[in-house]
Amino acid sequence: MGAIEAGGTKFVVGVGRGPGAGLLARAQFPTGDDPAALLTQVIAWLVEAQRTHGRLAAIGVASFGPVDLDPRSATYGSITTTPKPGWRGTDIIGPLRGAFPGRPIGFDTDVNGAALGEGRWGAAVGLDDFIYVTVGTGIGGGGVARGRLLHGLVHPEMGHIPMPVLDGDRFAGSCAIHGRCWEGLCAGPAIAARTGRPADALAADDPAWDLTARYMAQAFATLTYVLSPRRIIFGGSVRKGGRLGEAAFLDKTRAALLEVLNGYIASPALTKDGVRDFIVAPTLGDDAGVCGAIALAHDALRSGEPHRP
Ligand code: ZN
């Protein structure tokens, strides 16, 4: 399988069948502002990789977005309205089809890819209903319901759900579109704008951690009420909790979630003990994105192109 994790800051390209030893080769390229040049590099790498690892049976692309996932659309497989310089309207799948004719190509959002990868090999193995959320420079979420990736009108944009503002919080939020949406309150740049320093540099007892955990809990409660996931995988750099540490920040977020839900959902998963398995960190680590792309390639091969989850 060929895999492309198309990120906003870097593209990770890989060849393999899965995580760990299953990932036979990988390389990364800065995303930059010249998509044509980058895609040429990426394709050249994959073509070269075939010499060592054999013909690629299929290719998966897990891309930053927004992307067009409607197979009937003329712009299927493109990045659509991104503010990223140079990338608006970039056709990702077209050049790949040209370079690898006849090969199935799976294409989805980066977070849907990561969800698929965690479902197959990581923190959600055996579950048919779960959500993967990444909180880093932005917030994105991918979801699997009854074993299928969530798509619809376009694709979920969980990071931009509106948020109730907590008492006394005067921070205006950092989302350019919405101000105080989830991303505008909890992503890395929001924490930095709120506190004047990056999350990594905050003291373990900085009140911003409590506030961020409470906002995370509001969003997780919304997702829990709407989608009824069996687990929420909490990825991205913010979950590492800076000097507070990942374990403590996740515990804070879990406790805050139980507080927001206030006992309303009757499930062992949403008790003091159960919640440790309800909100979890991803297990594929730095390979989550590229493994997600490999999972998309597997599915494209199995179901025929285009990928229909
Ligand atoms: Zn927003």
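Predicted model: local features only at pLDDT ≥ 70, side-chain atom pairs only at ≥ 80, totals over all residues.
Local features were required to have pLDDT of at least 70 and side-chain atom pairs pLDDT 80 or more, whereas totals for chains, interfaces and linings use all residues. Residues are numbered from 1 along each chain as its sequence is written, and side-chain values use heavy atoms, with hydrogens and water left out.

Eight aromatic pairs were counted, a pair being rings of Phe, Tyr and Trp (its six-membered ring) with centres within 6.5 Å, classed as stacked when the planes are under 30 degrees apart, edge-to-face when over 60, and tilted for the rest. One of these joins phenylalanine 11 and tryptophan 87 in a tilted arrangement, with 5.5 Å between centres and 35 degrees between planes. Phenylalanine 64 and tryptophan 87 form an edge-to-face pair, 5.7 Å centre to centre and with 70 degrees between the planes; both residues are buried.

The protein is divided into domain 1 (2-113 + 286-303) and domain 2 (123-281), with bounds from an automatic or database domain assignment. Between them the domains bury about 740 Å², of which 60% is on carbon and sulfur atoms, buried area being the accessible area (1.4 Å probe) that two parts lose on being put together, summed over both. Leu69, Val111 and Asn112 supply 63% of the area that domain 1 buries against domain 2, more than any other three residues.

Terms used:
Buried < 20%, exposed > 50% of the residue type's maximum accessible area, 1.4 Å probe, protein only.
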